[in-house]
Amino acid sequence: MAAHVSPPASPSGAAARRFDGQVALVAGGAGGIGAETCRLLAELGAIVWVLDQHSTAADDVIGQIRVDGGICYACRADATDRAEVHRAVADVVRTSGRLDVLVNTIGWTMTRPFIEEDEEYWQTVVAVNLLAHIYLCHAVLGPMAARGYGRIVGVSSDAGRVGTRGETVYAAAKAAVIGFTKSLAREVARHGILVNAVSPGPTRTPLLDHQDQNAVAAMIRHIPVRRLGTASEQAAAITFLASPAASFITGQVLSVSGGLTMVD
Ligand SMILES: NC(=O)c1ccc[n+]([C@@H]2O[C@H](COP(=O)([O-])OP(=O)(O)OC[C@H]3O[C@@H](n4cnc5c(N)ncnc54)[C@H](O)[C@@H]3O)[C@@H](O)[C@H]2O)c1
């Protein structure tokens, strides 16, 4: 039997944590999956910046992380506004001196037939689910490339991989996030920046609470593990891809869906 090997110790004598010394920006960090990701990153040693347009909810997340002994700051911005995104990222880099990780959990949709939608809704869905991600990634590349290290984790959706009735334009935007992830990964690997995405299946968060609950119940019947996912299960996958351990993984999309989708 192999001898037990202790984890490496930090200079203070405490066990080293996966994100010690790193700075992480979590966009949508006040939401269901985002808040759990912030909490886990902070627990694993990261200095966490919560970028969200919902200041009160962000303050709640930050307050709880601080109570638990983590280091966490607010960074209010509407991520569909490119100037606000660039200002927010510049603030983080100026204050913390570096940026190692970008996680973007921002997303929004409503469930309704495509034929009943209007252009204003389409513009919003594309702006929130796709353009915000493009703006965030564009803003962080410079600071990450300057240090030769970066981890970007986007959040797509299984809707973007296999389609979902009632979420046509959302599915289109989330599919675009996948194409963007793969292409950007090819461009920036030479700078030490790895780009991946998590693709959640149905997960119990405020976003899902606002959907048609009959459709949610029908979806659960198709999930092999027969339940919804939790935000902490999504955060675990996101945090792995954001960590130094994922050093040979880029351009990948990891479905965290209880087996709902198993396509390549
Ligand atoms: N919950 C699910 O079942 C599910 C399934 C598949 C994919 N997803 C995706 O996972 C991600 C997280 O989802 P969630 O369930 O945690 O959602 P959520 O609604 O709980 O959180 C989204 C967060 O994004 C913030 N946000 C929205 N628009 C913003 C903007 N313009 N600028 C700044 N912040 C903004 C909101 O304030 C909120 O805090 C989203 O991308 C979503 O599309 C969720």
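User: In which helix is the place of Gln234?
Analyst: This is a predicted model, where local features need pLDDT of at least 70, side-chain atom pairs count only at pLDDT 80 or more, and totals for chains, interfaces and linings use all residues. Residues are numbered from 1 along each chain as its sequence is written. Helices are DSSP runs (H or I, at least four residues) numbered from the N terminus. On that numbering, Gln234 lies in helix 9.

User: Does Gln234 count as buried or exposed?
Analyst: A residue is buried if 20 or more other C-beta atoms, placed from the backbone, lie within 10 Å of its own, exposed if 12 or fewer, and partly exposed in between. Gln234 has 25 C-beta neighbours inside 10 Å, so it counts as buried.

User: Which residues is Gln234 in contact with, leaving aside neighbours within four places in sequence?
Analyst: Two residues are in contact if their C-beta atoms lie within 7 Å. With those sequence neighbours left out, the partners of Gln234 are Ile33, Glu36, Val198, Pro200, Thr203, Gly229 and Val256.

User: Why are helix 1 and helix 9 oblique to each other?
Analyst: Axes are lines fitted to C-alpha atoms, for helices over the stretch in contact, and angles run from 0 to 180 degrees between N-to-C directions. Angles under 35 degrees count as roughly parallel, over 145 as roughly antiparallel, 65 to 115 as roughly perpendicular and the rest as oblique. Helix 1 (residues 32–43) and helix 9 (residues 231–242) have axes 8 Å apart. The two helices are therefore oblique, packing at an angle of about 55 degrees.

User: Which residues of helix 1 make the contact with helix 9?
Analyst: The helix 9 side consists of Ala231, Ser232, Gln234, Ala235, Ile238 and Thr239. Facing them from helix 1 are Gly32, Ile33, Glu36, Thr37, Leu40 and Leu41.

User: How close do the axes of helix 3 and helix 4 come?
Analyst: Helix 3 (residues 82–96) crosses helix 4 at roughly 35 degrees. Arg82, Val85, His86, Val89 and Val93 of helix 3 meet Tyr135, Leu136, Ala139, Val140 and Pro143 of helix 4. The axes come within 9 Å.
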